[in-house]
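Please look at the sequence and the structure shown here. The report after them describes how the parts are arranged.

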Amino acid sequence: MATGDSILPELSQEVHKFEDKLKHLTIDKLNEYKIEQEKQHEAFIAKSKEKMETLNDQLSKFKKQSETNRELMEAKMSKRKEMRQKLESIQSEADTLLREKEFSMETLNTEKQTVKSEKELMEGQKKASDTRMVELEKAAEFFQSRLGQKFNKVKGERVEFIFTQIDHRNPERPHVFCIKIDSERKYVVSDCHPELDDLDELTNKLNETNNFRAFVISIRKAFKNTCT
C-alpha cells in the first residue's frame, strides 16, 4: 500500500498535466472566440458598409428628388408669378378700356346733346328765317302793287328790291338794295344803289323794331331824297 509521501509526487504530476491541458484548452477556446469575434466584427462591418452604401444611395436619390422638387417648385412659382403679372396687365388693360368706354360714352352723349341743340337751333333759325322771308315776300308784293316796286331772289339767299317811279325826271330809273337774314337772325342790307348815307341807321332800326314795311318806306323816302 502506498504511503502519502509516495502519492504526492504522482498527484503533483497529474495536477501539472491537468493545468497544462486546461491552459491549452483555454487558449484554444480563446483563439476560437477571438476568431469568431473577428468574423462577427468583419461581418458587422461588411453589413454596416452595405447599409451605409444603401443609405448613401437613398440619400443621393433623396437629394436628387429634393433638387428636382425644388426646381419644379421654382418653375411653378415662376409660372405663377408670370401668370399673376399677365393677369394684372390684363386687369389694367380692362380698366383702361372700361375708362375709355365710359369717356367715349360721355363724349358721345355730349356730342348727341350738342348735335340735338344745334339741330334745334338751326331748325329755330330756319323757321324764323322762313317766317321773315314770308314777311319779306308779302311786303314786297304790297309795295310792288302800290309803290311801283318789284323784287327778285338773288345769290346768297338775298332778296333784291327794285324801286321805280321815284325820280320824276326819269320814272323808270331803278333804285336798288338787297337784303337777307344772317345766321343770327339779323337783317343785312347790301348792294344799295344809289348809296344812302343813313343806310346803317335804317338797318339798325329795322333789327330793333322788326317792322319791315316801315323800313321799306324809309328806304324809298331816302332814295327819293337823292333825286332832289
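## Basis of the model

This is a predicted model, in which local features need pLDDT of at least 70 and side-chain atom pairs count only at pLDDT 80 or more, while totals for chains, interfaces and linings use all residues. Residues are numbered from 1 along each chain as its sequence is written, and side-chain values use heavy atoms, with hydrogens and water left out.

## The sheet

Strands of a sheet pair through backbone hydrogen bonds, either parallel or antiparallel. Here an open sheet is built from four strands in the order β1-β2-β3-β4, with antiparallel pairing. Strands (E, at least two residues) and helices (H or I, at least four) are DSSP runs, numbered from the N terminus. Two strands pair if DSSP finds at least two bridges between them. At the edges are β1 (149–154) and β4 (187–193), each of which pairs on one side only. From one strand to the next, the twist averages 25 degrees; angles run from 0 to 180 degrees between N-to-C directions, and axes are lines fitted to C-alpha atoms, for helices over the stretch in contact.

Six bridges join β1 to β2 (residues 158–163) in the antiparallel sense. Lysine 150 has isoleucine 162 in β2 as its bridge partner, and valine 154 has arginine 158. The two strands form a hairpin with three residues between them, and in the turn glycine 156 has a positive phi of about 80 degrees.

## Helix α2

Helix α2 (residues 199–209) lies across β3 (175–181) and β4, at about 150 degrees to β4. Which residues of α2 are buried? They are Leu199, Leu202, Thr203 and Leu206; buried means under 20% relative accessible area, exposed over 50%, and partly exposed in between (1.4 Å probe, protein chains only). They are on the same side of α2 because they cover an arc of only 100 degrees around the axis, the arc being that of the directions from the helix axis to the C-beta atoms.

The cover over these buried residues includes β3, β4 and α3, where contact means heavy atoms within 4.5 Å. Asp200, Glu201, Lys205 and Glu208 are exposed on the other side of α2. After α2 comes asparagine 210, with a positive phi near 60 degrees.

## Arginine 169

Arginine 169 is in the loop between β2 and β3. With a relative accessible area of 61%, arginine 169 is exposed.

Cysteine 227 is 58 residues from arginine 169 in sequence, and their C-alpha atoms are 8.7 Å apart in space. A polar atom of the arginine 169 side chain lies 3.0 Å from the backbone oxygen of cysteine 227.

How values were computed. Polar contact = N/O pair within 3.5 Å; in protein donor to acceptor, adjacent residues only side chain to side chain.
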